[in-house]
Amino acid sequence: MKWKVILGFVVVVAIVLLITFIGREPDLIGSDEPKPGIVARLVGSQPVQEKDPITCSADPVAAVVGQPLTLNCQLEPQQDVTTKVIEWMFNKKGRVLVYKSRAFSPGDQAEQFRDRASHGSSGDLTKGKIPVIISSVREDDAGTYSCSVRNGKQQISCSIQVTVAPKEQLTDPVNTPAGVRSKAPDQNGASLALAVVISTFLCMLCY
């Protein structure tokens, strides 16, 4: 009977360790692929990571129809961009917001964003803070937004992916897109399997 108890304990511990190992996400340490917002620069034979001079949100941004949307764009380190040309673009073709000749240019905005997109009070061009605020989001506002700063022939840019959910889905957890609702980790299957295995071995030990 004693050896059965020991064997059952060893098997249960092994199964727990196996489930834990499988549930772990891959470790990014040692990977040659840079993380979002990071540029890899080679010095000799050792890769050195440095911050991108312009950063946007690395994760998709979820918006809701009828609600305002703020997209942030920041230069690091901070620098004055009041003498440069700044553009927020939608899907690489529609101008959301344009700044040139030391002033914003509403006449250059695409019809879709005219009178709806603005720089907002949170922006500060003297510190490289270039947000754009879109009022009353529409379903056709979903897409890729890019923020670019140009000085002569030199240009730096970053992009943000935006998803848009209908307003009624905000209160419907079943139909709400994953970008709007929080997604809890699915551990029910592993827990149930572990419980079944433990119960089976306990029953075997009793006989």
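## Contacts and the model

Two residues are said to be in contact when heavy atoms of the one lie within 4.5 Å of heavy atoms of the other. Leaving aside neighbours within four places in sequence, threonine 82 is in contact with Tyr99, Arg102, Leu125 and Thr126.

The model is a predicted one, in which local features need pLDDT of at least 70 and side-chain atom pairs count only at pLDDT 80 or more, while totals for chains, interfaces and linings use all residues. Residues are numbered from 1 along each chain as its sequence is written, and side-chain values use heavy atoms, with hydrogens and water left out.

## The protein as a whole

The protein holds 2 helices and 13 strands, where helices (H or I, at least four residues) and strands (E, at least two) are DSSP runs numbered from the N terminus. Of its 207 residues, 26% count as buried; here buried means under 20% relative accessible area, exposed means over 50%, and partly exposed lies in between, with a 1.4 Å probe and protein chains only. The accessible surface comes to about 14000 Å², and 57% of this belongs to carbon and sulfur atoms; the areas come from the Shrake-Rupley method with a 1.4 Å probe, and for residues only the protein chains shown count as cover. Among contacts between residues at least 6 apart in sequence, 52% join residues at least 24 apart.

## The open sheet

Strands of a sheet pair through backbone hydrogen bonds, either parallel or antiparallel. In this model, 6 strands form an open sheet with mixed pairing, in the order E4-E13-E12-E7-E8-E9, and two strands are taken to pair if DSSP finds at least two bridges between them. The edge strands, each of which pairs on one side only, are E4 (61-64) and E9 (103-104). Strand E8, residues 94-100, pairs with E9 in the antiparallel sense over 2 bridges, and the bridge partner of tyrosine 99 in E9 is phenylalanine 104.

Within strand E12 (residues 143-151) lies serine 148, which counts as buried because its relative accessibility is 7%. Apart from neighbours within four places in sequence, serine 148 is in contact with Val85, Ile86, Glu87, Gln155, Ile156 and Ser157. Proline 60, by contrast, is found in the loop between strand E3 (54-56) and E4, and at 59% relative accessibility proline 60 counts as exposed. The C-alpha atoms of proline 60 and glutamine 161 are separated by 4.8 Å, although these residues are 101 residues apart along the chain.

## Two threonines in loops

Threonine 82 belongs to the loop between strand E6 (73-75) and strand E7 (85-90) and is buried, with a relative accessible area of 14%. Its side chain is joined to that of aspartate 80 by a polar contact of 2.6 Å; a polar contact is a pair of N or O atoms within 3.5 Å, where within protein one must be able to donate a hydrogen and the other to accept it, and residues adjacent in sequence count only if both atoms are side-chain atoms.

Threonine 126 sits in the loop between strand E10 (117-118) and strand E11 (132-134) and is partly exposed, with a relative accessible area of 44%. Not counting residues up to four places away in sequence, threonine 126 touches Gln79, Asp80 and Thr82. The C-alpha atoms of threonine 126 and aspartate 80 are separated by 4.0 Å, while the two residues are 46 residues apart along the chain. The side chain of threonine 126 also makes a polar contact of 2.4 Å with the side chain of aspartate 124.

## Aromatic pairs

The structure holds 4 aromatic pairs; rings of Phe, Tyr and Trp (its six-membered ring) pair if their centres lie within 6.5 Å, and planes under 30 degrees apart count as stacked, over 60 as edge-to-face and the rest as tilted. One of these pairs joins phenylalanine 90 and tyrosine 145, whose ring centres are 4.9 Å apart and whose planes are at 45°, so the pair is tilted. Because phenylalanine 90 lies in strand E7 and tyrosine 145 in strand E12, the pair ties together parts that are 55 residues apart in sequence. Both phenylalanine 90 and tyrosine 145 are buried, and Phe90, Phe113 and Tyr145 form one aromatic cluster.

Tyrosine 99 and phenylalanine 104 form an edge-to-face pair, with 5.0 Å from centre to centre and 65° between the planes. Tyrosine 99 is buried at a relative accessible area of 4%, whereas phenylalanine 104 is partly exposed at 35%.
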